[in-house]
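Here are my notes for you, point by point. Keep the model open beside them and find each residue as you read.

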Amino acid sequence: MGPTMSDPNSNSKPVSPPEVPGLPTRLLMDLAEGYCNLRCPKCFVFGPDDPDAIRPLRGFMTLETARTILDEVMSVRPIIQPQLWTESLMARNFREHIRQMKERNAEVSINTNGLLLTKDIARFFVEIRLDSIMISLDATSPETLMKVRATDELEKIERAVFVKSLILNGDGR
């Protein structure tokens, strides 16, 4: 039994701390560290005035490194999110990364800004049975999108949402 905790102002018995699992139940695997296709003013990673500040931190996770991590953590079957502060669709070997996650029956949840989502990628997501995709859309006008995401490509993001929906419903060959 591990150490115990107690309230010095109480007459209650000491309480054991909660058990901490050895492996995470949610795994953030940043496959493309330091890469994003936007420069959102609100983002503390890519928003600063110095676009070169992130350059020394850039890198892509290799398929071999990802495979090693996956093999190590799959005993707890974590939910895997293949991004952190990046655009997941910019990762090298993106499809192969997702494929090796799904081959291990992992639950995979992707977040994207939608600008790189094509019919081909959306079809891949349906075929691979991606568990979840979230498309960040935090504006209803190109002007507001420019303020928060430094892009005015609202129509392109909206098309990506509809493309994904069409393909998911079997209508977007």
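1. Start with Ile80, which counts as buried because its relative accessibility is 0%; buried means under 20% relative accessible area, exposed over 50%, and partly exposed in between, using a 1.4 Å probe and protein chains only. You'll find Ile80 in strand S4. What does Ile80 touch, leaving aside residues up to four places away in sequence? Its partners there are Leu27, Met29, Leu70, Met74, Met101, Ala106, Glu107, Val108 and Ser109, where contact means heavy atoms within 4.5 Å. Take Ser109 from that list: Ile80 and Ser109 are 29 residues apart in sequence, yet their C-alpha atoms are 6.2 Å apart in space.

2. A word on the ground rules. This is a predicted model, in which local features need pLDDT of at least 70 and side-chain atom pairs count only at pLDDT 80 or more, while totals for chains, interfaces and linings use all residues. Residues are numbered from 1 along each chain as its sequence is written, and side-chain values use heavy atoms, with hydrogens and water left out.

3. Now step back to the whole protein. It has five helices and six strands; these are DSSP runs numbered from the N terminus, with helices being H or I of at least four residues and strands being E of at least two. Walk along the sequence and the pattern reads β-β-β-α-β-α-β-α-β-α-α. Of the 173 residues, 36% are buried. Look at contacts between residues at least 6 apart in sequence, and 68% of them join residues at least 24 apart.

4. Which residues touch the most other members of the largest nonpolar core? They are Met29, Ile80, Ile98, Met101, Leu117 and Phe125, out of 40 residues in that core. A nonpolar core here is a set of buried Ala, Val, Leu, Ile, Met, Phe, Trp, Tyr and Cys residues joined through side-chain atoms within 4.5 Å. The elements giving two or more residues to this core are helix H1 (63-73), H2, strand S5 (107-112), H3 and helix H5 (154-168). H3 supplies the largest share, five residues.

5. Next, look at how H2 sits against H3. Two packed helices are described by the angle between their axes and the distance between the axes. For helix H2 (residues 94-103) and helix H3 (residues 119-128), the axes come within 11 Å and cross at roughly 10°. Axes are lines fitted to C-alpha atoms, for helices over the stretch in contact, and angles run from 0 to 180 degrees between N-to-C directions. So H2 is roughly parallel to H3; under 35 degrees counts as roughly parallel, over 145 as roughly antiparallel, 65 to 115 as roughly perpendicular and the rest as oblique. On the H2 side, the contact is made by Phe94, Arg95, Ile98, Arg99 and Lys102, and on the H3 side by Asp120, Ile121, Phe124, Phe125 and Ile128. By class, that contact has six nonpolar, no polar and four charged residues. Nonpolar covers Ala, Val, Leu, Ile, Met, Phe, Trp, Tyr, Cys and Pro, charged covers Asp, Glu, Lys and Arg, and the others, Gly among them, are polar.

6. H2 has another partner to check. The axes of H1 and H2 come within 10 Å and cross at roughly 20°, so H1 is roughly parallel to H2. In this contact, Leu63, Ala66, Arg67 and Leu70 of H1 meet Glu96, His97, Gln100 and Met101 of H2. Those residues divide into four nonpolar, two polar and two charged. The buried residues of H2 are Phe94, His97, Ile98, Gln100, Met101 and Lys102, and their cover includes H1, strand S4 (79-81), S5 and H3.

7. Stay with H1 for Ile69, which lies in this helix. Ile69 is partly exposed, with a relative accessible area of 27%. Not counting residues up to four places away in sequence, Ile69 touches Leu27, Met29 and Met61. Ile69 and Met29 are 40 residues apart in sequence and 9.1 Å apart in space, C-alpha to C-alpha.

8. Finally, check two backbone angles. Asn105, in the loop between H2 and S5, has a positive phi near 60° though it is a residue other than glycine. At 52% relative accessibility, Asn105 counts as exposed. Ala150 also isn't a glycine and has a positive phi of about 60°; its place is in the loop between helix H4 (142-149) and H5.
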